[in-house]
Amino acid sequence: MAVATGNSFASRFGVHIAVLVFVAIWTIPTLGILVSSLRDKDQIVASGWWNSFASSSQTEAGRLPPASAQAQKDGKYVIEGNVFGDGAKRAISAFGIKAAAPTQYPAGTAADLGDGVSLQVNADGSFVLASPKAFEGDRGQRVYYASSAPPKFTTDNYQTVLFSEGIGRSFMNSLTVTIPATVIPILIAAFAAYALAWMRFPGRALLIAVIIGLLVVPLQMSLIPLLKLYNGVGTFFGVPSKTYLGIWLAHTGFGLPFAIYLLRSYIAGLPREIMESARIDGASDFEIFVKIVLPLSFPVLASFAIFQFLWVWNDLLVAMVFLGTAPDQIVLTAKLNALLGSRGGNWEILTTSAFITIIVPLIVFFSLQRYFVRGLLAGSVKGG
Amino acid sequence: MAAQIFSAIFVIIIGVGGCVAYFWGANKLLDLIFPSRGVSGTAAVNNLRRQGLIRPWLFVGPAMIILTIYLIYPVIATLWLSFFDRGGTGFVGVANYEWALRDPDLRNAILNNLLWLAVVPAACTFLGLIIAVLTDKIWWGTIAKSLIFLPLAISFVGASVIWKFIYEYRGEGQVQIGLLNAIIQHFGGQPQVWISLPFWNNFFLMIILIWIQTGFAMVILSSALRGIPEETLEAAVIDGANPFQIFWKIMVPQIWGTIAVVWTTITILVLKVFDIVLTMTNGQWNSQVLANLMFDWMFRGGGDFGRGATIAIIIMIAVIPIMVWNIRQANKETGGH
């Protein structure tokens with residue numbers, strides 16, 4: 001489409017800028033959690049992630065050692081040491097002794113605390129507290145300081161989240177739910193789609209109408225009766241009502257209308273001549289389906305598989321209703337939702353968990369985008 | 001965990017193998033019962049006819065059984081349950097519907113859903129259309145479209161975390177680590193707890209869904225725009241139409257059907273929106289929506305199936321017009337086939 005809409009340089013420039021703004025709005029949020037998930041957890045709260053390549057500065061408070069640590073030196077009582085304990089790699093820019101003025105004195109200068117007492121805190125954290133009189137008391141001097149740390153990136157968050165927050169286990173659970181729930185509907189839908197596209201039988205038109213109707217039936221309509229049914233079956237057979245088998249079948253059921261709709265419209269569009277010549281050669285419907293239709297339908301089968309994979313992987317509602325929340329069953333989305341409640345402020349945990357949750361869909365999406373778009377265009381009646 | 005992986009692989013083999021065995025076996029059985037080869041002419045013709053009567057049902061059978069259990073039966077049962085009490089055993093007539101008319105939470109949820117319906121489909125379609133038109137004109141449009149399309153692959157929960165991080169609030173004077181509050185503070189504004197501001201928080205939740213769904217609208221509309229005959233656009237240029245006139249008077253009317261499809265698809269999605277509200281606010285601060293309220297009633301205090309079912313019916317009633325329209329469209333298209 002070559003539309004000559006405003007040939008001026010300015011208007012073409014404007015289009016580039018506008019698209020750039022849209023792209024920025026659509027990518028920056030995701031970038032934010034990716035960058036944050038790789039940052040040191042103390043730095044995440046000390047500065048915005050967009051500043052993560054600059055040194056982050058923060059104001060901290062500490063207490064100097066008590067009087068028992070003093071030593072006599074040149075006729076003065078002196079307490080020496082390092083506010084960071086043993087040499088953290090941060091730099092102090094200023095310090096103070098009042099909470100109201102935490103950065104009163106620049107680092108490296110001696111502050112007069114009155115009564116001849118002086119305190120000097122250097123950039124590397126070392127301090128000298130000196131007084132003509134002996135220090136008393138077992139509580140040391142309070143000190144405040146502004147320190148800045150160089151940007152620090154780490155994969156520690158991933159280690160923590162995968163192995164001690166249970167995200168690794170949930171990842172396996174999500175795979176356990178998703179793969180069978182993606183594979184099982186394909187064959188069932190393909191056979192039904194072929195019959196609805198190429199076989200003549202009474203009630204076919206009604207069946208197609210029912211399937212198109214079911215495409216938009218909200219999931220919410222199914223939840224309560226199925227929950228009752230599952231509980232009933234569980235009680236009747238004395239087995240748990242929340243099982244992987246239950247959720248595989250549920251996802252199969254919820255995915256079928258779209259699968260049949262998508263596959264039917266594709267299979268119906270295959271050239272009639274191929275089918276008819278095969279039939280003249282004596283092939284039965286079963287043979288035609290297996291030897292001709294199935295291989296030709298590969299692109300649409302791939303489209304559906306991607307859709308179903310993404311939909312099951314990203315689903316929260318079905319998993320919360322039909323699966324338990326114990327570690328051996330909780331899927332990634334449900335786990336992430338639980339972490340939002342229990343780890344609300346721990347952004348290093350939340351951003352890392354979120355990124356692990358979205359990484360598989362993103363890989364699938366980027367590597368198979370063509371099939372995804374094709375499915376989207378063919379099946380855009382579906383309500384999601 | 002090893003057992004779990006093993007059982008998943010086992011199920012894939014059993015599931016796929018079972019399907020293959022069923023379809024192959026049922027077909028074989030049919031050939032055995034009504035042989036069409038190696039019998040006399042009339043018998044073969046008769047048997048072929050019988051096969052033709054039965055085989056379609058063998059093909060659609062498994063799908064029909066699953067659809068019946070998982071969708072058709074539940075729809076009827078939900079309607080039925082909406083006239084029963086919390087346990088689903090005692091008939092209560094229209095008491096649940098009377099409750100629905102009076103309940104302030106439910107009214108709030110319906111109003112919020114209406115707000116979502118008014119904003120999200122329109123915003124997604126409009127933004128999608130604008131981006132589709134703009135990206136068509138530049139050399140890196142495909143890359144731009146890919147990136148804008150990308151959130152569609154992200155789960156609602158994941159997107160909620162992403163945006164919660166953007167809306168993150170820190171007390172005044174502290175360093176804002178949420179992008180939105182940081183920008184506002186940078187320009188001298190007052191940081192806010194965005195998701196707990198009644199009424200306006202709805203919009204902050206909607207932004208998440210718009211962010212996800214604009215890519216969908218963009219891809220569909222972009223492909224429709226490509227289908228516009230170039231002559232119509234050239235003619236408009238020759239007649240001296242400006243870009244805005246071309247957009248509104250030439251392009252938009254020609255893709256009206258596609259716009260309607262995009263709009264209705266997102267409308268249905270909005271009616272079912274659940275994950276975003278659950279993870280962001282769980283309906284607090286007047287941000288409740290129907291699907292989340294229903295989930296709440298399903299499990300609140302052991303669960304009230306009657307009221308939950310009633311809320312599901314309310315969502316269903318809103319979907320029915322779109323459903324009827326879809327079936328009509330499909331009948332029109334497949335009428336000849």
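Into which domains is chain A divided? Chain A has domain 1 (9-52), domain 2 (56-149) and domain 3 (158-378), with bounds that come from an automatic or database domain assignment. Before we walk on, please keep in mind that this is a predicted model, in which local features need pLDDT of at least 70, side-chain atom pairs count only at pLDDT 80 or more, and totals for chains, interfaces and linings use all residues. Residues are numbered from 1 along each chain as its sequence is written, while chains are lettered from A and ligands numbered from 1 in the order in which they are written.

Let us stay with chain A for its overall form. The C-alpha centres of its domain 1 and domain 2 are 40 Å apart. Its secondary structure amounts to 14 helices and 9 strands; here helices (H or I, at least four residues) and strands (E, at least two) are DSSP runs, numbered from the N terminus. Chain A is more spread out than a compact globule, because its radius of gyration of 33 Å is well over the 21 Å that the globule rule gives for 384 residues. That radius is taken over C-alpha atoms, and the rule is 2.2 Å times the number of residues to the power 0.38. Along the principal axes, the C-alpha atoms of chain A fill a box of roughly 115 × 75 × 35 Å.

How is chain A packed inside? Of its 384 residues, 43% count as buried. A residue is buried if 20 or more other C-beta atoms lie within 10 Å of its own, exposed if 12 or fewer, and partly exposed in between, with C-beta atoms placed from the backbone. Among the contacts in chain A with a separation of 6 or more, 73% are between residues 24 or more positions apart. Two residues are in contact if their C-beta atoms, placed from the backbone, lie within 7 Å.

Now to the strands of chain A. An open sheet of 5 strands has the order 2-3-8-7-6, and its pairing is antiparallel; two strands pair if DSSP finds at least two bridges between them. At the edges are strand 2 (71-73) and strand 6 (110-114) of chain A, each of which pairs on one side only. From one strand to the next, the twist averages 30°, with axes being lines fitted to C-alpha atoms, for helices over the stretch in contact, and angles running from 0 to 180 degrees between N-to-C directions. Within this order, strand 7 (residues 117-121) and strand 8 (residues 126-131) of chain A pair in the antiparallel sense over 4 bridges. If you look at Q120(A), you will find V128(A) of strand 8 opposite.

Strand 4 of chain A is worth a stop too. Strand 4 (residues 91-96) is joined to strand 9 (residues 142-149) of chain A by 5 bridges, and the two run antiparallel. In strand 9, Y144(A) is the bridge partner of G96(A). Strand 4 of chain A is also joined to strand 5 (residues 105-106) of chain A, antiparallel again, by 2 bridges. There, F95(A) has Y105(A) in strand 5 as its bridge partner.

Which secondary structure does chain B have? Chain B has 14 helices and 0 strands. Its radius of gyration is 27 Å, well over the 20 Å that the globule rule gives for 337 residues, so chain B is more spread out than a compact globule. Its C-alpha atoms fill a box of roughly 95 × 70 × 50 Å along the principal axes. Chain B is divided into domain 1 (2-81) and domain 2 (103-334), and the C-alpha centres of these two domains of chain B lie 40 Å apart. Of the 337 residues of chain B, 42% count as buried.

Most residues other than glycine have a negative phi. N282(B), however, has a positive phi of about 50° although it is not a glycine, and N282(B) sits in the loop between helix 12 (275-280) and helix 13 (290-299) of chain B. N286(B), in the loop between helix 12 and helix 13 of chain B, has a positive phi of about 60° and is not a glycine. N282(B) is partly exposed, with 16 other C-beta atoms within 10 Å, and N286(B) is partly exposed, with 18.

Finally, we come to where the chains meet. The contact takes 99 residues from chain B and 95 residues from chain A. On the side of chain B that touches chain A, helix 2 (residues 41-81) of chain B gives the most, with 17 residues. The residues of that side divide into 74 nonpolar, 18 polar and 7 charged; Ala, Val, Leu, Ile, Met, Phe, Trp, Tyr, Cys and Pro count as nonpolar, Asp, Glu, Lys and Arg as charged, and the others, Gly among them, as polar.
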